[in-house]
Amino acid sequence: SSGINAEYRQVVMQNAEEEVKRKRILATRHILLKQLQEAERKEMKERYSMLQRTFTKWREATLDGRVIYNKAVALHEWKSQVRAWRQWRSYCRLKQEKRDEKVREAMFRENKKVRIADVHYQ
């Protein structure tokens, strides 16, 4: 009975040692799992931060490009308006010059008739 008792104690001790080993392994596994989760969380945070920085830079570049494009469009429209205004002003001046020329010619003809009449009646 003492042999069986010793064997039983030995088996119980082995089981207890194995249980302690199993608990250590589980504790180590739990710690490693937490560390892995923390590392993954940190990596996701870094990726998100990088994605946010990239998007911000892209957005700034896009907006800058849009601002430059809109300025170019505005400048082109302004130049077109100036060109159209100059052409309109030239057209109006030409019309006015033609009217003035007709008035001068009419006055010249009338003045010529008056001079001829003065010479004829003197």
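I began with Arg-109 and Glu-105, which both sit in helix H1, four residues apart, or about one turn of the helix. I was working on a predicted model here. Arg-109 and Glu-105 form a salt bridge, with the closest N and O atoms 3.9 Å apart; the cut-off is 4 Å, so this pair counts. I found Arg-109 partly exposed at 48% relative accessible area, and Glu-105 partly exposed at 37%.

How many salt bridges does the structure hold? I noted five, and looked up two others among them. Arg-104 pairs with Glu-101, the closest N and O atoms being 2.7 Å apart. These two are three residues apart in helix H1, so about one helical turn separates them. Arg-104 is partly exposed at 48%, and Glu-101 is partly exposed at 36%.

Next I went to Glu-38 and Arg-41, whose side chains meet in a salt bridge of 2.7 Å, N to O. They too lie in helix H1, three residues apart, about one helical turn. Glu-38 came out partly exposed, at 45%.

Then I turned to the aromatics, where the structure holds two pairs. Why is the pair of Phe-55 and Trp-58 called tilted? Their ring planes stand at 35°, with the centres 5.6 Å apart, so the pair is tilted. Both residues lie in helix H1 (residues 2-121), three residues apart. Phe-55 is partly exposed at 48%, whereas Trp-58 is exposed at 52%; the line for exposed is drawn at over 50%, so the labels fall as they do.

My last stop was the surface: Trp-85, Trp-88 and Tyr-91 make a nonpolar patch of about 390 Å². I placed Trp-85 in helix H1.

Conventions
Residues are numbered from 1 along each chain as its sequence is written. This is a predicted model: local features need pLDDT of at least 70, side-chain atom pairs count only at pLDDT 80 or more; totals for chains, interfaces and linings use all residues. Side-chain values use heavy atoms; hydrogens and water are left out. Rings of Phe, Tyr and Trp (its six-membered ring) pair if their centres lie within 6.5 Å; planes under 30 degrees apart count as stacked, over 60 as edge-to-face and the rest as tilted. Buried means under 20% relative accessible area, exposed over 50%, partly exposed in between (1.4 Å probe, protein chains only). Patches are made of residues with over 30% relative accessible area and no salt bridge: like charges are joined within 9 Å, nonpolar side chains (Val, Leu, Ile, Met, Phe, Trp, Tyr) within 5 Å. Accessible areas come from the Shrake-Rupley method with a 1.4 Å probe; for residues, only the protein chains shown count as cover.
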